[in-house]
Amino acid sequence: MQQTTTNQLTLTLPDDWHLHLRDGEMLTETVAATARCFARAIVMPNLVPPVVNAEMAAAYKARINEAIPANLAHSFTPLMTIYLTNQTTPQDILAAKAAGVTAAKLYPAGATTNSDAAVSQIDRLFPVFEAMTNADMPLLIHGEVTDSHIDIFDREKVFIDTILNKIVSHFSQLRIVLEHITTEDAVEFVKAQDNHVAATITPQHLLLNRNDLLVGGVRPHNYCLPVLKRNTHQQALREVVASGNSKFFLGTDSAPHEKYRKENACGCAGCYSAWSAIELYAQVFEELGVIEKLEAFASFYGADFYQLPRNTQTITLVKESWQVPEEIILPNGNPIVPFYAGKTLSWKLQSK
Ligand SMILES: NC(=O)N[C@@H](CC(=O)O)C(=O)O
Ligand SMILES: [Zn+2]
Ligand SMILES: [Zn+2]
């Protein structure tokens with residue numbers, strides 16, 4: 001149960017329901033950052049090559065487990081996902097379910113980082129969705145169309161209108177998470193569905209709008225997909241989390257790219273927020289005057305949707321100003337600029 005005083009906030013240990021850990025040496029960095037304050041995380045499968053089946057998910061999970069720092073070894077569990085492609089079969093779903101894979105992820109081809117292998121024709125996946133419905137395996141969706149004539153700011157709305165609506169009406173029993181939502185349209189769509197449909201919301205889409213990306217010079221470290229939208233959409237996201245609606249829960253979409261790949265003529269999409277994740281959300285909930293609603297958003301609603309037990313341990317945040325570092329140096333010596341670099345936050349994680 002959340003306990004709040006003016007200087008201290010104790011909450012049930014949270015989970016991150018949308019996360020990129022990457023692979024190889026990068027795992028030393030990313031796994032430690034997330035294990036710092038989360039019990040579980042839904043690990044995205046968009047590696048190169050993508051994690052497309054139970055065997056690849058098991059091997060990836062083993063590499064992640066090896067990277068968990070010794071002092072956090074028993075307090076972090078990666079929840080694995082597989083990446084749907086045009087070749088995915090219902091048998092792949094059954095095998096993944098049997099092997100303990102938590103969910104499967106739909107990326108429209110070309111929608112985002114490492115999505116070239118992804119799905120080009122949604123109808124071809126209907127037998128797979130059928131198998132997922134029967135196996136009760138959640139479908140996680142990057143909800144943007146990729147047609148070149150659709151404006152980048154409209155891609156989420158058009159996806160909802162043309163594709164998501166179709167999936168939901170054919171598969172009313174399939175549990176679906178619309179990931180990293182960015183628009184009022186997504187908020188209204190998810191609110192209008194029954195409890196089979198939920199959404200994750202990132203810290204960047206709660207804290208920022210497209211002015212923070214484009215005014216006074218382009219800010220590559222605020223560039224992510226779906227792209228930041230206008231202020232009215234940001235307000236809709238803030239309102240829905242402030243309302244305490246249980247269909248909307250925490251998913252950071254922490255997605256590191258090395259600095260040189262972001263500060264580039266063709267910069268990568270993704271914000272690396274893991275080292276300040278829970279603190280960023282605390283900042284938002286405090287700004288909204290609903291800090292007492294942080295715990296359910298961060299620690300209850302997602303677990304309930306995934307039908308997993310809520311965590312029993314707690315974390316404590318203290319009221320203390322601190323600055324997000326300007327850079328984090330990877331084991332290979334290359335820097336990453338974290339999300340909100342150089343900015344001051346008012347809550348700090350004290351202990352897990
Ligand atoms: N969100 C992003 O901007 N980037 C993510 C991919 C994704 O979640 O779409 C990444 O893997 O870098
Ligand atoms: Zn995505
Ligand atoms: Zn993501």
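Residues are numbered from 1 along each chain as its sequence is written, while chains are lettered from A and ligands numbered from 1 in the order in which they are written. Because the model is predicted, local features need pLDDT of at least 70 and side-chain atom pairs count only at pLDDT 80 or more, whereas totals for chains, interfaces and linings use all residues.

The description begins with strand β5, residues 77-83. Helices (H or I, at least four residues) and strands (E, at least two) are DSSP runs, numbered from the N terminus. Five of the seven residues of β5 are buried, so the strand is largely enclosed by the rest of the structure. A residue is buried if 20 or more other C-beta atoms lie within 10 Å of its own, exposed if 12 or fewer, and partly exposed in between, with C-beta atoms placed from the backbone.

Strand β4 (residues 40-43) runs parallel to β5 and is joined to it by four bridges; two strands pair if DSSP finds at least two bridges between them. Valine 43 stands opposite methionine 80 in β5. Between β4 and β5 the chain passes through helix α2 (residues 54-66), in a right-handed β-α-β crossover. A crossover is right-handed if, with the strands pointing away from the viewer, the path from the first strand over the helix to the second runs clockwise. Strand β6 (residues 103-106) also pairs with β5 in the parallel sense, over three bridges, and alanine 104 in β6 stands opposite isoleucine 82. Here the chain crosses from β5 to β6 through helix α3 (residues 90-98), and this β-α-β crossover is right-handed.

A separate description is needed for an open sheet of four strands, which has the order β1-β2-β11-β14 with antiparallel pairing. β1 (3-4) and β14 (344-351) stand at the edges with a single partner strand each, so one side of each is left without a neighbour in the sheet. Six bridges join β14 to the antiparallel strand β11 (residues 314-323), and glutamine 323 has threonine 344 in β14 as its bridge partner.

Two helices show how buried residues are arranged. In helix α4 (residues 126-135), Val128, Phe129, Ala131 and Met132 are buried. They cover an arc of only 160° around the axis, which puts them on the same side of α4; the arc is that of the directions from the helix axis to the C-beta atoms. An α-helix has 3.6 residues a turn, so residues three or four places apart point the same way. The cover over the buried residues of α4 includes α3, β6, β7 (139-141) and α5, where contact between two residues means that their C-beta atoms, placed from the backbone, lie within 7 Å. After α4 comes aspartate 136, whose phi is positive, near 55°.

In helix α6 (residues 184-192), the buried residues include Ala186, Val187, Phe189 and Val190. They cover an arc of only 165° around the axis, which places them on the same side of α6. Glu188 and Ala192, on the other side of α6, are exposed. The buried residues of α6 pack against α5 (155-170), β8 (176-178), β9 (197-201) and α9 (231-243).

Most residues other than glycine have a negative phi, and most peptide bonds are trans. The peptide bond from valine 48 to proline 49 is cis, with omega near -5°, and proline 49 is in the loop between β4 and α2. Arginine 22, in the loop between β3 (16-19) and α1 (26-35), has a positive phi near 60°.

The final topic is the ligand. Ligand 1 is surrounded by His20, Asn46, Thr112, Thr113, His142, Cys224, Leu225, Asp253, Ala255, Ala269 and Gly270, a residue being near a molecule if its C-beta atom, placed from the backbone, lies within 6 Å of it. This shell divides into four nonpolar, six polar and one charged; Ala, Val, Leu, Ile, Met, Phe, Trp, Tyr, Cys and Pro count as nonpolar, Asp, Glu, Lys and Arg as charged, and the others, Gly among them, as polar. The peptide bond from leucine 225 to proline 226 is cis, with omega near -15°. Aspartate 253 lies in the loop between β10 (248-250) and α10, has a positive phi near 55°, and counts as buried, with 26 C-beta neighbours inside 10 Å.
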